[in-house]
Each structure stands twice: as C-alpha cells, then as structure tokens.
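Welcome, and thanks for taking a look at this chain with us. The briefing below starts with the whole fold and then moves to single elements and residues.

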Amino acid sequence: MMIRKKTLKSMESIIERLVRDSKKVTILKKMYENCCQICGDSITLLKEIRYSEVHHIQPFNRTHKGIDDIPNMLVLCPNHHQLFDLGILALNPEDHKTLLHLDPKNPLHNKELNLSFHKLSSTCVRYHYEKVFLKLKKELTTTTKKVSK
Ligand SMILES: [Zn+2]
C-alpha cells in the first residue's frame, strides 16, 4: 500500500517526537539514512519510517564527560549500540575507523566502519578505547584467571 507523502511526513514528526532526539542526533541520523555504520542495517518502524540509535563514543554523562557533538557520535543499530556501550567493541585509536572486538576471532574485529559523512574526534575514540574497552578487557582477564585457578 502506498501512503501519501503528507501522511508520511506527519507520521515522521510524531515518531521524531516519541524518540526525542537532539538536533545534532537528528542531523547525523539523516546523513546516514538511519543505517548502522557497522552493518548497514536499520529497523523499519512503520511503513517507510526507519529507526536507528546514536552512540556517544566517549559516554555522554557526568562520569565520562563526553561531548554531545557529531565527532563523538556514531549511528548504530540497537545490537551494535549495545556492544559499543558495554565496551565489547571499540574503535582502533590509531586510525579511528577500524573496529576492535574483545574476541579477536569475532567477524567484526578489524572490520572498517562506514565513515562516509563525518569525521570522529581522536580524543573521544581514544577515551572510549582506554577507559571502557581496555578496562573491560582487564576485568575479564582477571576474572578468567580467578576462575581457572
Ligand atoms: Zn549494526
């Protein structure tokens, strides 16, 4: 079924209100057409309206004090967003575009991110790599040692 452009526009604005993105987040999502910068997927909500999430590389909260700006953002699908938030995925701090996975055998390890429409802050990439990814890696190594004793 075809829906009229006008209907689609008002559906879009209703969903935008529900999702409540900041201006910068909306701009970035539009640039990537809501496609995950890792896998290219997007979720379809209703008709042609697609959904994606924006990840703040250096976490945007009081503890980590990341900036709420485009060089600190990635457009991701919910699955890959979760992996980044947890610190299972990170970006290589040397090139800011290659993925690192805690399990080097994972197919995502060394995969290149789609960075066609914006550049990332090297400070934010390094912060996430050191304070989130390496921190988790260290914790896991300690736990593994304890378990294997
Ligand atoms: Zn994805």
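Predicted model: local features only at pLDDT ≥ 70, side-chain atom pairs only at ≥ 80, totals over all residues.

**The chain as a whole**

- The protein chain holds four helices and six strands, and along the sequence they follow the pattern α-α-β-β-β-β-α-β-β-α.
- Along the principal axes, the C-alpha atoms of the protein chain fill a box of roughly 65 × 30 × 25 Å.
- The protein chain has 149 residues, and 24% of them count as buried.
- Take the contacts in the protein chain between residues at least 6 apart in sequence: 56% of these join residues at least 24 apart.

**The largest nonpolar core**

- As background, nonpolar side chains in soluble globular proteins tend to be buried together.
- In this model the largest nonpolar core has 23 residues, and Leu 74, Val 75, Leu 76, Ala 90 and Leu 91 are those with the most contacts inside it.
- Strand E4, strand E5 (89-91), strand E6 (99-101) and helix H4 (122-148) each give this core at least two residues.
- Which element provides the largest share of this core? That is H4, with five residues.

**Strands E3 and E4**

- E3 (53-56) and E4 (73-76) are separated by a loop that contains Asp 69.
- The two strands, E3 and E4, pair in the antiparallel sense over four bridges, and His 56 stands opposite Met 73 in E4.
- E3 is covered on both faces, with Glu 53 and His 55 buried on one side and Val 54 and His 56 buried on the other.
- E4 is likewise covered on both faces: Met 73 and Val 75 are buried on one side, and Leu 74 and Leu 76 on the other.
- Is Asp 69 exposed, partly exposed or buried? Asp 69 counts as partly exposed because it has 14 C-beta neighbours inside 10 Å, while a buried residue needs 20 or more.
- Asp 69 and Cys 39 are 30 residues apart in sequence, and their C-alpha atoms are 23 Å apart in space.

- E1 (43-46) and E2 (49-51) run antiparallel and are joined by three bridges.
- Ile 43 stands opposite Tyr 51 in E2.
- The hairpin of E1 and E2 has two residues between the strands, and Lys 47 takes a positive phi near 50° there.
- Lys 47 has 13 C-beta neighbours inside 10 Å, so Lys 47 counts as partly exposed.
- Which residues does Met 11 contact, leaving aside its neighbours within four places in sequence? Met 11, which lies in helix H1 (residues 5-19), is in contact with Leu 46, Lys 47 and Ile 49.
- Met 11 and Ile 49 are 38 residues apart along the chain, yet their C-alpha atoms are separated by 8.1 Å.
- Met 11 is partly exposed because 16 C-beta neighbours fall inside 10 Å.

**Backbone points to check**

- Most residues other than glycine have a negative phi.
- Glu 33 has a phi near 50°, a positive value in a residue other than glycine.
- Glu 33 sits in the loop between helix H2 (23-31) and strand E1, and it counts as exposed because it has 12 C-beta neighbours inside 10 Å.
- Lys 47, which is not a glycine, also has a positive phi of about 50°, and its place is the loop between E1 and E2.

Terms used. Residues numbered from 1 in each chain as written. Core = buried A, V, L, I, M, F, W, Y, C linked by C-beta atoms within 7 Å. Contact = placed C-beta atoms within 7 Å. Pairing = 2+ DSSP bridges.
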